[in-house]
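User: Can you walk me through this one? I have a few quick questions.
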Amino acid sequence: MSSIKMTTSALAIAAVSATAAAARDQVQVAGSSTVLPYASIVAEAFGENFDFPTPIVESGGSSAGLKRFCEGVGENTIDVANASRQIKGSELEVCTANGVTDIIEVQIGYDGIVFASDIAGESFEFTAIDWYKALSAEIVVDGAVVANPYTMWNEVNADFPAQPIQAYIPGTKHGTREVFEDKVILAGCEETGDFELFKTVNGDDKKAAEKACIALRTDGKSVDIDGDYTETLARIESNKDGIGVFGLAFYENNTDKLQVATMSGVVPSTESISTGDYPVSRPLFFYVKKAHIGVIPGLKEFAEFFVADEIAGPDGPLAEYGLVSDPALADTQAVVEDETTIGGGS
Amino acid sequence: MSEPTRTHGSLLIQDARTRNRNRAETRFKMYGIAAISIGLLMLTILLITIIGRGTGAFQQTFVTLPVELSAAKLDKKGNRDLADIKKVSTFGYTPLMSAALEAKVAQAGIETTLKPKAMAAILSKNAAATLRYYVLANPQMIGEVVEFTFLTNSRVDGYLKGRVTRDSIANDKNINAAQLDLVDGLIADGALKKQFNLAFITGADASDARPEAAGMGVSMIGSLFMMLVVLVLALPIGVAASIYLEEFAPKNWITDIIEVNISNLAAVPSIVFGILGLAVFINYMHLPNSAPLVGGLVLTLMTLPTIIISTRASLKSVPPSIRDAALGVGASKMQSVFHHVLPLAAPGILTGTIIGLAQALGETAPLLLIGMVGFIASNAPDSISSGLLDPNSAMPAQIYEWAKRADPAFYERAWGGIIILLVFLITMNAIAIMLRRRFERRW
């Protein structure tokens, strides 16, 4: 009896998996959790306006998305990877090794990274130097490299209130972390001139000096958040002294709980980011597998729709949600239209 | 004959040791009552929090507007050809709504300085889609004036629910005070009000731009199909395995090892089954990503030990006299099991199965790994095979997804989703208890 039932269930599975081998009819997207809201807005509008089914958008982070993207070509691999940073050379190598050779890179716009704290707390006007001095593991005091001695913001900068330093920053698996390190900590390190000293200490090794700059303190003043911005927000709600790193769109949806700090005197907004006045921003991308165009129905239409003026333009729903529209959107549209792959081929 | 010496005093007067023992018993009873009260208190707090935060999701703010389906906008060629009408995207429908709102404001005599486009911002982005679906389904209505009930923006909804106040919108670029004045005017007119929102129970997930339109319906179907797979696979396999192990298998070291392993399997964290599912079902067997079939298979693995353990326990509880009597009148071993033992054990098996299913229904962790979390539950399946194979989410995965989105309106929906999930779980457990009460035989 048991063997009969086992066989029937095994047969049932086999029958179902046979039908699974038939065509997949919706676009599958995965990757950066920063791009996820934009991609889902586009997917929803795409499903509404076209006869194709609504694409599936999963998150998991830029690196995880690109890893799945590079697993190979075929229906059980994803068609589009979202990324909050450009694809790395090493990732491209993995792609090539697995037969994913023709990749179309599409830049959808810019995302601002903002510093925000509890709405009832003190306001801050940061510069990159402040953040470097507050969070770097080692800094230079009186010409000598010492472990970061600061515990209060007013020790970092006399203009700041006497508030304990407590920062919630994105964990290392987030693309946002890299931007934070590059555009804030490293920039601050260079501006103070500490970079030169780190370079001398490390025997003129630029890489080692950069590493020394962006090594963050591990004494609990700087906490890595591996989850989403909602987790950062929850931390700030429970510790009113905390200052968190958020995406501009997240802040704009939670203005009743958060106040934003200025950076080098500029208030972050879609305008100040698109003009380049606000320094901490990064481009957002998605990558399309060219081999899947024509195989997966609606893939090219989805990519075109994503960068269409009515979607990604300055008045479109993406900009309304917090994306900083790319001034060179027309070039991007041409890239998608001509299916120009990385490396220039089409 | 000497008088019996009373070494322990009178039985009527307690000595120190008895009093001590009695006090210890009273203390223990107190600890017990305290433990139960703490448990009950926690449960009450949990339920009050869930209900307090979640009930809001079942109500939504709607606005009723007569809309002129202008032929000049929707059917420029004037030939009523569906292919041409389809070319007008949802963006083409937005002006119709601005115009409708402007007309409504003029008719109701509401004072506002807002431009029509800013007025339309109080409506949900979903409204254009509602309009477009209606026109595509009823192209003959182009040129007529039709009354629609649209969802409003999540900020307006939050204003009616008290989540958004005039103070909290100071920095909010999605809504401003003038728009709230307009909302107040529409409330006074009766066009804008909070209503029961069936779409939350039946609808699909929505993107971050329109939390007001998101619903649990499609992920419920996803959960349903997963439970179907679990039931169809885990029940026969589990029951067959336990009957064999309990009634037929020789007792030796191999069956001992199997037994120990089944008990161990029941304690394996569910995320492990998720990784296994990813490696075996998706990467090796090439089953589709995010499909309820794969979710069901993974949850089957998770539920099997629960079912096997409870089935074996209920088979064991059938007294040997039943088996002996059946064998005694000449039944074969198999006849004695299937005609006598199994029917008597059935209520216990069903209870175990339902509790196993309820556990599987609330499981999120393995689903994270097989791609069932994300913006997925947007296409309602139209057949059994598409229900099994097309990407879908599940109820707990949908709740997890909502809880991490930026807009606070999603947070409310996550709590609302928990209420729906709890209703399912309580119903399933109640059925299990009822079955046990009704059919269980005590020996």
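This is a predicted model: local features need pLDDT of at least 70, side-chain atom pairs count only at pLDDT 80 or more; totals for chains, interfaces and linings use all residues.

User: Got it. How many residues of chain A are in contact with chain B?
Analyst: On chain A, 42 residues are in contact with 44 residues of chain B.

User: Which elements of chain A give two or more residues to that side?
Analyst: These are α1 (2-20), α2 (36-49), β2 (56-58), α10 (229-238), α11 (248-253) and α15 (317-321) of chain A.

User: And where does the largest share come from?
Analyst: From α2(A), with 10 residues.

User: What about the classes on that side of chain A?
Analyst: There are 17 nonpolar, 16 polar and nine charged residues.

User: Switching to chain B. At what angle do the axes of α14 and α15 cross?
Analyst: Roughly 150 degrees, and the axes of α14 (320-328) and α15 (333-361) of chain B come within 9 Å. Angles over 145 degrees count as roughly antiparallel, so α14(B) is roughly antiparallel to α15(B).

User: Is that crossing left-handed or right-handed?
Analyst: The crossing of α14(B) and α15(B) is right-handed.

User: Which residues make the contact?
Analyst: α14(B) uses Ile322(B), Arg323(B), Ala326(B) and Leu327(B). From α15(B) come Gln335(B), Ser336(B), His339(B), His340(B), Val341(B) and Leu344(B). By class, that contact has five nonpolar, four polar and one charged residues.

User: Back to chain A. Which residues of α9 are buried?
Analyst: In α9 (206-214) of chain A, Ala209(A), Glu210(A), Ala212(A), Cys213(A) and Ile214(A) are buried.

User: What do they pack against?
Analyst: The buried residues of α9(A) pack against β6 (138-141), α7 (175-192) and α8 (194-201) of chain A.

Technical notes. Residues are numbered from 1 along each chain as its sequence is written. Chains are lettered from A and ligands numbered from 1 in the order in which they are written. Axes are lines fitted to C-alpha atoms, for helices over the stretch in contact, and angles run from 0 to 180 degrees between N-to-C directions. Helices (H or I, at least four residues) and strands (E, at least two) are DSSP runs, numbered from the N terminus. Angles under 35 degrees count as roughly parallel, over 145 as roughly antiparallel, 65 to 115 as roughly perpendicular and the rest as oblique. A crossing is left-handed if the near helix is turned anticlockwise from the far one by less than a right angle, and right-handed if clockwise. Two residues are in contact if their C-beta atoms, placed from the backbone, lie within 7 Å. Ala, Val, Leu, Ile, Met, Phe, Trp, Tyr, Cys and Pro count as nonpolar, Asp, Glu, Lys and Arg as charged, and the others, Gly among them, as polar. A residue is buried if 20 or more other C-beta atoms lie within 10 Å of its own, exposed if 12 or fewer, and partly exposed in between; C-beta atoms are placed from the backbone.
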